[in-house]
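New notebook page. I want to get my bearings in this chain before I look at any details.

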Amino acid sequence: MRPPGRRPSVGRVLQKTVSPPPVTDLAIPHAEGVSNEEFRAAMSRLASGVVLVTAHDPDDGPRGEDVGMTATAFTSVSLDPPLVLISLRNGSRMDDLLSEVPVWAVSVLSENQRHVAGRFSMKNRVSDRLLFADVPYVRGEASGAPLMGGALSVLECRTENRVVAGDHTLVVGRVLTAGVSPADGSGPLTYFQGKYRQLG
């Protein structure tokens with residue numbers, strides 16, 4: 001418990017960075033003979049875990065706003081130091097936000113959270129404020145970002161590097177905190193051939 005009168009540290013880490021981390025442009029021309037449809041069909045056969053990436057925008061409104069994005073392109077990179085990687089579509093709200101806000105969070109979704117994945121993957125939404133209204137979450141101490149209740153695990157991260165790769169940006173984050181939920185028998189939510197699925 002924090003001593004009375006002591007200000008939380010979250011306010012300091014939520015300040016936007018003056019300049020974003022260096023970006024390396026690795027975009028190359030489209031490979032000959034490989035169409036978008038062929039590439040998409042081939043990669044749809046790779047089953048992926050589903051996560052919710054969240055961050056807090058302190059400059060959006062009186063108290064700021066939470067932003068969330070469903071993602072399947074998420075992976076661990078290094079154990080020492082602990083690093084993870086998330087792929088963000090260039091120009092997306094999350095990409096723009098994480099180019100300025102240095103800290104963010106990831107919730108690894110369970111098979112019972114298909115509705116969470118679905119709502120945060122909706123296109124052309126005006127605001128994320130209502131999307132968080134009726135889902136349980138706690139606010140991360142290190143990032144100030146929402147951590148989903150019922151998630152299999154949660155991580156808070158600080159951006160270490162950003163690399164532009166084609167129409168996406170790869171964001172490498174150092175893991176600041178990590179936690180797992182008590183075992184309740186729930187399996188992971190997965191994504192395969194364009195649909196959310198359960199293992200087994």
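Predicted model: local features only at pLDDT ≥ 70, side-chain atom pairs only at ≥ 80, totals over all residues.

I started with the inventory: the chain has four helices and 13 strands.

Next I looked up the totals. The chain has 200 residues, and 38% of them count as buried. Its exposed surface comes to about 11900 Å², with 56% of that supplied by carbon and sulfur atoms. I also checked the contacts with a separation of 6 or more: residues 24 or more positions apart account for 66% of them.

Then I went to a sheet. How do β2, β12 and β13 line up? I found an open sheet of three strands in the order β2-β12-β13, with antiparallel pairing. The edge strands are β2, at 48-49, and β13, at 195-198. Each of those two pairs on one side only. A reminder for me: strands of a sheet pair through backbone hydrogen bonds, either parallel or antiparallel.

I zoomed in on β2 and its partner β12, which covers residues 189-192. Two bridges join β2 and β12 in the antiparallel sense. I looked up G49 too, and its bridge partner in β12 is T190.

Last stop, the surface. I found a nonpolar patch there made of V34, F39, M43 and L46. Together these residues have about 380 Å² of accessible area. I picked out F39, which sits in helix α2, residues 36-43. Is F39 buried or exposed? Its relative accessible area is 52%, and the cut-off for exposed is over 50%, so F39 counts as exposed.

Note on methods. Residues numbered from 1 in each chain as written. Heavy atoms only, no water. Pairing = 2+ DSSP bridges. Patch = residues over 30% accessible without salt bridge, like charges linked within 9 Å, V, L, I, M, F, W, Y side chains within 5 Å. Areas by Shrake-Rupley, 256 points an atom, 1.4 Å probe, with all protein chains shown as cover. Salt bridge = Lys/Arg side-chain N within 4 Å of Asp/Glu carboxyl O. Buried < 20%, exposed > 50% of the residue type's maximum accessible area, 1.4 Å probe, protein only. Contact = heavy atoms within 4.5 Å.
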